[in-house]
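Visitor: Could you take me on a close look at the pocket side of this model, ligand included? I'd like the cut-offs along the way.

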Amino acid sequence: MKIIFATNNKHKLQEVSAVLGPGFELVTPREVGITEEIPEDSPTLEGNALQKARYLYERTGLDCFADDTGLEVEALGGAPGVHSARYATDGHDFAANNRLLLKNLEGKTNRQARFRTVIALILGGKEHLFEGIVEGVIDTKENGTEGFGYDPLFLPEGSSCSFAEMTAEEKNAISHRGRAVRKLVDFLVNHK
Ligand code: IMP
């Protein structure tokens, strides 16, 4: 089955296609001629995922899905949340985001956080939402070089390793995105 995934982030493409498996061919927006940045200016993860999927569907009429992820830190009232990509700067500066997160948590004993992913699927013109959550804590320093984003700071519940110290398979097995994508796959397999 061919389906458009609203991302040009190669880490995300790899993670998601590994979970989807060989029965699905992921197509990027660029591969169907959409080269502009897809707007995502909603105040919620659900709103952004739907906004991106609707944009693709209106432009192509093809089955598609989009995801949006936020890191929600308890002691920061759920921040950076929907602003996770642009926490420290206007761009996707992972290192600056991690520095700012550590600074904002300085002296705080509550380091509880979770990653939450929402996927919006448009299949045959109908919209569906899927959610994946992983609970964990924010470490006091970065560890590991795998993955991307906040991975070096995030210790998933029950683990002494950060996401950035795990292989892609280990991260996918427990991650927010892995969980949301497995719900998507179950749905697609039953609705093919
Ligand atoms: P996006 O909606 O997937 O683009 O995620 C927004 C931001 O959240 C990214 O720019 C990253 O900073 C962060 N993020 C999303 N997924 C992950 C992940 O799996 N690990 C670490 N950071 C992530």
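Guide: The largest pocket holds about 970 Å³ of space. A pocket here is an open set of points on a 1 Å grid over the protein atoms alone, where a 1.4 Å probe fits and protein lies on both sides within 12 Å along at least five of seven lines; lining residues have an atom within 4 Å of a point. The volume is the space filled by probe spheres set on the points, which are joined across faces, edges and corners. Lining this pocket are 37 residues, and N9, K12, E40, A85 and H92 are the closest to its centre.

Before going on, some ground rules: this is a predicted model, so local features need pLDDT of at least 70 and side-chain atom pairs count only at pLDDT 80 or more, while totals for chains, interfaces and linings use all residues. Residues are numbered from 1 along each chain as its sequence is written, and side-chain values use heavy atoms, with hydrogens and water left out.

Strand 3 (64-73) gives the lining its largest share, five residues. Helix 1 (10-20), helix 2 (45-60), helix 3 (94-104) and helix 5 (176-190) each supply at least two. (Helices are DSSP runs of H or I with at least four residues, strands are E runs of at least two, numbered from the N terminus.) By class, the lining has 10 nonpolar, 15 polar and 12 charged residues; Ala, Val, Leu, Ile, Met, Phe, Trp, Tyr, Cys and Pro count as nonpolar, Asp, Glu, Lys and Arg as charged, and the others, Gly among them, as polar.

This pocket is where the ligand sits, meaning that more than half of its atoms lie within 2 Å of the pocket's grid points. Around the ligand there are 15 residues, with K12, D68, D151, K171 and R177 coming nearest; a residue counts if one of its heavy atoms lies within 4 Å. That shell splits into five nonpolar, five polar and five charged residues, and strand 3 and helix 5 each put at least two into it.

Now the polar contacts (pairs of N or O atoms within 3.5 Å). K12 has a side-chain N or O atom 2.8 Å from a ligand oxygen, and K171 places a polar side-chain atom 2.8 Å from a ligand oxygen too. On its own the ligand has 470 Å² of accessible area, and the protein covers 94% of that (Shrake-Rupley method, 1.4 Å probe).

As for the second largest pocket, about 190 Å³ of space lies there. Its lining has 13 residues, with H11, Q14, E15, G147 and A168 nearest the centre. Helix 1 gives the most, four residues.

How values were computed:
Polar contact = N/O pair within 3.5 Å; in protein donor to acceptor, adjacent residues only side chain to side chain.
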